[in-house]
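I would like to follow the packing of its helices, the arrangement of its strands and the spaces left between its atoms.

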Amino acid sequence: MKMIIRRFRLEYDYLSNYYPACVRVDGLEYLSSEAAFQAAKCAKAEDRLRFAELNSNDSKRLGRNIPVRPDWENVRIGEMEKVVRAKFTQNPHLARFLVETEDAELIEGNSWHDTFWGVDLKTGEGENHLGKILMALREDFRQNGIPAQENVPPCRQEVSADGILVQFREITQVPCDCIVNATNETLLPNDGVDMAIHRAAGPELLETCRALGGCGVTEAKLTGGFRLAAPYVIHTVGPHYGAKDDAALLAETYRSVLNLAAEHGIRFIAFPAISTGRFSYPKKAATEIAVRSVRQWKREHPNDLIKVMFADVDLTIYRYFCEALKD
């Protein structure tokens, strides 16, 4: 029986235009295909620049309040095809995930009554134009291959005076020795960074994690990276916000990861913002603790020359990391 993907959520979140993947369209760089699509509506070319620094939600809101080009109704499907193609051709790992859906029917099921781009889950009505565009693009990739995109630079990056980097980038795509997976005590993926890492690494990572017997708060465990560009993954569990001594535990989590990395001779490691997902740690406080903890560890271990990067596709977290690195 043919598989049907009815919602672009959880393991299929990359199919959504809201997925934070940088795209370059008509000479401008956007932080998602949603931002690029909303910019394409603009009657005034200069208005498009306003979308280049916005996340998907803010782009959607702004798109409702700008003068729209007079031919929009006639060109909107073509513009959507253009930005969706840009997203997947410029982010080949997403194109690979798309091809791996094989012959599944792709339906953007929604609860906000969009019956043009998707299908209303309550009524079953909808033209599903976005799903059709994705399925046509998938067939193109299957027939003609995925365009090669090697060493694609991040669209946003800052470097501190002491050499710590922060990038607006999927952590799975960082060309480094090791990426850090902010997971839970079972080591089984649920959502967020954890889900993205397992999806990119392939099923072998899950099999390996099952054999590790879980992981305690602040502990760190090493596995291979499998299909990832990074040869290693360090899995760690940060504290839930509101737990006793949560700030100290979060700092200890970073130290545990760096200690394990040093033990294994890792020289370049990329961190997400640990505990800011399901564990609800406030983003600003979490990024400040992360930067402070890494700097303290590096001062205490001057002979362990580990290069550190923070990588995240949450625009707010990216900006907080940039602020913390300047302090």
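Helix H6 and helix H7 (residues 203-210) pack with their axes 6 Å apart, at an angle of about 115 degrees. Helices (H or I, at least four residues) and strands (E, at least two) are DSSP runs, numbered from the N terminus. Axes are lines fitted to C-alpha atoms, for helices over the stretch in contact, and angles run from 0 to 180 degrees between N-to-C directions. On the side of H6 the contact is made by Ile-197, His-198 and Ala-201, and on the side of H7 by Glu-204, Leu-205, Leu-206 and Cys-209; contact means heavy atoms within 4.5 Å. Sorted by class, this contact has 5 nonpolar, 1 polar and 1 charged residues. Here Ala, Val, Leu, Ile, Met, Phe, Trp, Tyr, Cys and Pro count as nonpolar, Asp, Glu, Lys and Arg as charged, and the others, Gly among them, as polar.

The model is predicted: local features need pLDDT of at least 70, side-chain atom pairs count only at pLDDT 80 or more, and totals for chains, interfaces and linings use all residues. Residues are numbered from 1 along each chain as its sequence is written, and side-chain values use heavy atoms, with hydrogens and water left out.

The strands come next. Strands of a sheet pair through backbone hydrogen bonds, either parallel or antiparallel. In this model, 7 strands form an open sheet of mixed pairing, in the order E7-E8-E13-E12-E9-E11-E10; two strands pair if DSSP finds at least two bridges between them. Strand E7 (157-159) and strand E10 (220-224) are the edge strands, each pairing on one side only. On average, neighbouring strands of the sheet are turned by 25 degrees against each other, direction ignored.

Helix H10 (residues 315-326) lies across E7, E8 and strand E13 (307-312), running at about 160 degrees to E8. Strand E9 (residues 178-182) runs parallel to E11, and 5 bridges join the two; Asn-181 stands opposite His-235 in E11. Strand E11 (residues 232-236) is largely enclosed by the rest of the structure, because 4 of its 5 residues are buried, that is, under 20% relative accessible area with a 1.4 Å probe, protein chains only.

What volume of space lies in the largest pocket? The largest pocket holds about 1200 Å³. On a 1 Å grid over the protein atoms alone, a cavity is a set of points where a 1.4 Å probe fits but cannot get out, and a pocket is an open set with protein on both sides within 12 Å along at least five of seven lines; lining residues have an atom within 4 Å of a point. Of the 47 residues that line this pocket, Gly-192, Val-193, Asp-312, Val-313 and Asp-314 are the closest to its centre. H6 gives the most to the lining of the largest pocket, with 6 residues. The lining divides into 20 nonpolar, 16 polar and 11 charged residues.

The largest cavity has a volume of about 30 Å³. Its lining consists of Val-25, Asp-26, Tyr-30, Ala-36, Ala-39, Ala-40 and Arg-48, and helix H1 (residues 33-40) gives the most to it, with 3 residues.

Key
Grid points are joined across faces, edges and corners, and a volume is the space filled by probe spheres set on the points. Buried means under 20% relative accessible area, exposed over 50%, partly exposed in between (1.4 Å probe, protein chains only).
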